[in-house]
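Please keep the sequence and the 3D view at hand.

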Amino acid sequence: MRIGWRTRSYAQQKAMWGFLFVLPWLLGFIFFFLLPFLTSFRYSLSTIEANSKGIIVTYAGFANYVNALTVHTSFNRILTESIVNMVVNVPLIIIFSLFLAVLLNQKFLGRSIARSIFFLPVILSSGVIMTLESSSLVQAVNDQAAGSGGLMNSFGAYELARLMMRSGVNETIVLYLTEAVGRIYEIVSQSGVQILIFLAGIQSISPQLYEASKMEGATGYEAFWKITFPMVSPLILVNLVYTIIDSFARNNMTDLIRETGFTTFNFGLSSAMAWIYFASILLILLLSVYIVSKRVFYQE
Amino acid sequence: MTTARLFSLESWKRWSWSIVRLTLIVGLSFVILYPILQKISTAIKDKKDLYSPIVVWIPETYSWNNFKQAISIMDYWHTLLNTFSLSLLTTVLTAASCALAGYGFARLKFKGSGLLFAGVILTIMVPPTTILIPIYLNLKDFTLMGIIPLLTGKSVNLLNTYWPFILTSITANSLKAGLYIFIFRQFFRGVPKEVEEAAYIDGAGVVQTFLRIMLPNAVPSIVTVTLFSFVWQWNDSFFTTTYLTSSKVLSTQLSSLPYNLAIFLQDGDASQADPFYLSMVQDTGILLAILPLIVLYLFVQRYFVESIERTGIVG
């Protein structure tokens, strides 16, 4: 017996339409993600020969992985470099963007102009423009000119570092901070989306909380740590994940994997590299999500 | 007496904070704007100003030469049109398919939808490089599970056409599409259930509810997704250089600009050309490439900044 359209219950209809709505994505997911994903894993375990008739895949065990980790000249170095870079940058970006979001949330003259400037990196620092900018010769020359003129500038950073060292701050922390000052452009330009997310989060906190805390005599500083910070802490998790994902687009690892695949046509080795990279990213993601999510405050 | 002192201390604190804040914001704004200002200054410089030690920001001799070179070598207007149409196409298709999927995941629960959503998260997590090679090989001999060879006798090569972009965006699997699905899902989850129930009682079906009630309300998240998708597609070099090897799109043209310029200037001998001059023209090219984006941003930014607060990115 055929079940008529009208005889289905609303819940059944919804379930059916839900499947239909998701169907385009599901097809794409299978054809453009899942199958390539599994194929890539198979490739990483094989040697691949391409000739005019097509490609011949022969199983080779873990040879590619061993090759990448022990034989390849630069893989290990680039892998550690890009991961260390990511681990160093992520906390800086998150702290910086939270700070700026709080700043941009306050009322002051020219706030809308400041906001639009700070979101500009969302547009400017993605893809090819970022890559080309780092290799610009004119930029390098100008930076050097600015460096020689700005002796005071570097001197100041040095003095600050010495001051902190004298006052007993750990040396690694001091170096970390001064390096952060040196890479300020890199950090600012990578935190556009994160500022946006934090700002949206801060604006969804109900003003009554601040009012009540003010009545009780809390300072702005206390209000930040007792209200703003716990309320936006779920977003720290979101931003953490986003920052890590965002770092895929701009590192040497991606270039190396591509180069191995498309210039030397060593598809097997390239896939193995990509899988090692993916595994290490996944490890970092899981670890940091585990650590952060324990401390996150949810209202429920 | 004490209240007066307290008041003055308070106001002093407030003033000093405003000054600190102003310094920070102006300083950081400068850091962000510095590369753009520098590019403008470089672009209007003449070639000989590059070596003049007294020229830092304001050139001695202005010239439009860099612009002319960059425009002619990048084939700018043609490239711009290509880039624009490609970005617009993928943006519209991606936004539509992601909105559908987002609504499906948020509101129309069916068996296994939770598991499928975990799939969305997986697509966000996996670096695109991991699946690049199989996708490339797949598109090179595109068979659609053996259907196309049955009809025409051989597989089609989809590389160097817009089809890879169209197919991936129709199926919500283009560049960073997982993120857009996530944004839409978060937004639709925030819409009160009563709205949907009222629509049902008034006789609207699921599709009608989605089209006539949910979508008009979802404008903030649509704006966000559209802008992100457009800009990221515009700047993307990862997929464009893989899928389009010879078609003229801004991001590929930009990366090959110095090389093409050297060929143009020195009849193919790239080593003879002055690298500083090449870099100078490339900077001009970058400026030309981001100019349309900045114009676009100036128009939508107010709307964008306001709407992001209501997109539900924050969940």
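This is a predicted model: local features need pLDDT of at least 70, side-chain atom pairs count only at pLDDT 80 or more; totals for chains, interfaces and linings use all residues.

Residues are numbered from 1 along each chain as its sequence is written, chains are lettered from A and ligands numbered from 1 in the order in which they are written, and side-chain values use heavy atoms, with hydrogens and water left out.

**Chain make-up**

- Chain A has 14 helices and 2 strands. Helices (H or I, at least four residues) and strands (E, at least two) are DSSP runs, numbered from the N terminus.
- Chain B has 14 helices and 0 strands. Its pattern along the sequence is α-α-α-α-α-α-α-α-α-α-α-α-α-α.
- In chain A, 45% of the 300 residues count as buried. Buried means under 20% relative accessible area, exposed over 50%, and partly exposed in between (1.4 Å probe, protein chains only).
- In chain B, 52% of the 315 residues count as buried.
- Take the contacts in chain A between residues at least 6 apart in sequence: 68% join residues at least 24 apart. Contact means heavy atoms within 4.5 Å.
- For chain B, with contacts again between residues at least 6 apart in sequence, 72% join residues at least 24 apart.

**Helix 12 and helix 14 of chain A**

- The axes of helix 12 (residues 220-246) of chain A and helix 14 (residues 267-295) of chain A come within 10 Å and cross at roughly 165°. Helix 12 of chain A is therefore roughly antiparallel to helix 14 of chain A.
- Axes are lines fitted to C-alpha atoms, for helices over the stretch in contact, and angles run from 0 to 180 degrees between N-to-C directions. Angles under 35 degrees count as roughly parallel, over 145 as roughly antiparallel, 65 to 115 as roughly perpendicular and the rest as oblique.
- The crossing of helix 12 of chain A with helix 14 of chain A is right-handed. A crossing is left-handed if the near helix is turned anticlockwise from the far one by less than a right angle, and right-handed if clockwise.
- Helix 12 of chain A contributes A:Ile236, A:Leu237, A:Leu240, A:Val241 and A:Ile244 to the contact. Among the residues from helix 14 of chain A are A:Ile281, A:Ile284, A:Leu285 and A:Ser288.
- By class, this contact of helix 12 with helix 14 of chain A has 10 nonpolar, 2 polar and no charged residues. Ala, Val, Leu, Ile, Met, Phe, Trp, Tyr, Cys and Pro count as nonpolar, Asp, Glu, Lys and Arg as charged, and the others, Gly among them, as polar.

- The axes of helix 1 (residues 10-44) of chain A and helix 4 (residues 113-125) of chain B come within 11 Å and cross at roughly 50°. Helix 1 of chain A is therefore oblique to helix 4 of chain B.
- Helix 1 of chain A and helix 4 of chain B make a left-handed crossing.
- From helix 1 of chain A come A:Val22, A:Trp25, A:Leu26, A:Phe29, A:Phe33 and A:Phe37. From helix 4 of chain B come B:Leu116, B:Gly119, B:Val120, B:Leu122 and B:Thr123.
- The residues of this contact of helix 1 of chain A with helix 4 of chain B are 9 nonpolar, 2 polar and no charged.

**Helix 3 of chain A**

- Helix 3 of chain A packs against helix 13 (residues 252-262) of chain A at about 145°, with the axes 8 Å apart.
- A:Phe75, A:Ile78, A:Leu79, A:Glu81 and A:Ser82 of helix 3 meet A:Asn252, A:Met253 and A:Leu256 of helix 13 of chain A.
- This contact of helix 3 with helix 13 of chain A has 5 nonpolar, 2 polar and 1 charged residues.
- A:Ser97 also lies in helix 3 (residues 75-105) of chain A. A:Ser97 counts as buried, at 0% relative accessibility.
- The A:Ser97 side chain reaches the backbone oxygen of A:Ile93 at 2.8 Å.
- Not counting residues up to four places away in sequence, A:Ser97 touches A:Ser191, A:Gln194, A:Ile195 and A:Phe198.

- B:Thr209 sits in helix 10 (residues 206-217) of chain B. B:Thr209 counts as buried, at 1% relative accessibility.
- The B:Thr209 side chain reaches the backbone oxygen of B:Gly205 at 2.5 Å.
- B:Ala172 lies in the loop between helix 7 (163-170) and helix 8 (177-190) of chain B. Phi of B:Ala172 is near 55°, a positive value in a residue other than glycine.

Note on methods: A polar contact is a pair of N or O atoms within 3.5 Å; within protein, one must be able to donate a hydrogen and the other to accept it, and residues adjacent in sequence count only if both atoms are side-chain atoms.
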